[in-house]
Amino acid sequence: MKNTGSVLVVDNNEGVGAFLKTALQNYGFTVFVASSGRKAINLFRAKPIDFVLMDIGMPDLNGPETLKMLQSIRPDVACFFMTASSPLKKETLGGAIDVFEKPFRDFSEVVRIFSEILAKRGTIKHPAHAPGETHLDQKSSKTLYDN
């Protein structure tokens, strides 16, 4: 199963980030890795991200805090939390779609879920921008239609 979507993996444990990058790339995803919430926000603004797979417990900004900031940039962000020690119920995810437990018992389940979402909505074509900013393509197309 080959995919074309992109995933932002956020985990302060570099080993986990490296493992997930390799695993997701083997399924055809483009993968960006951030070791902190702040780095994740910067990558999210710079790259077209389809999914965020984020650890809940991180030292600078935890997963829910980071997700709030990502949602302020792009409210429809498809985020999944992962945790080894902080069980969350689906009702308390704060906008995340689901929580995966580490270590992953069945990684193909993650890939299946990502693939289903991509099949329904397609990939993100542009990086996210701060509220009020538009994409360069949008600015130039407005000019074309206005003339």
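The model on display is a predicted one.

Turn next to the sheet. Select the five strands, which form an open sheet in the order E2-E1-E3-E4-E5, with parallel pairing. Strand E2 (30-34) and strand E5 (98-101) stand at the edges; each has a single partner strand, so one side of each is left without a neighbour in the sheet. From one strand to the next, the twist averages 25°. Strands of a sheet pair through backbone hydrogen bonds, in either a parallel or an antiparallel manner.

For one such pair, display strand E1 (residues 6-10) together with E2. The two run parallel and are joined by five bridges. Within this pair, select Val10, which stands opposite Ala34 in E2.

Proceed to helix H3, residues 63-73. Which of the residues in H3 are buried? Colour Gly63, Thr66, Leu67, Leu70 and Ile73, which are buried. These residues cover an arc of only 110° around the axis, which puts them on the same side of H3.

Finally, select Asn62 and Glu65. Asn62 caps the N-terminal end of H3, where a side-chain oxygen of Asn62 lies 2.8 Å from the backbone nitrogen of Glu65.

Note on methods. Residues are numbered from 1 along each chain as its sequence is written. This is a predicted model: local features need pLDDT of at least 70, side-chain atom pairs count only at pLDDT 80 or more; totals for chains, interfaces and linings use all residues. Side-chain values use heavy atoms; hydrogens and water are left out. Buried means under 20% relative accessible area, exposed over 50%, partly exposed in between (1.4 Å probe, protein chains only). Helices (H or I, at least four residues) and strands (E, at least two) are DSSP runs, numbered from the N terminus. The arc is that of the directions from the helix axis to the C-beta atoms. A polar contact is a pair of N or O atoms within 3.5 Å; within protein, one must be able to donate a hydrogen and the other to accept it, and residues adjacent in sequence count only if both atoms are side-chain atoms. Two strands pair if DSSP finds at least two bridges between them. Axes are lines fitted to C-alpha atoms, for helices over the stretch in contact, and angles run from 0 to 180 degrees between N-to-C directions.
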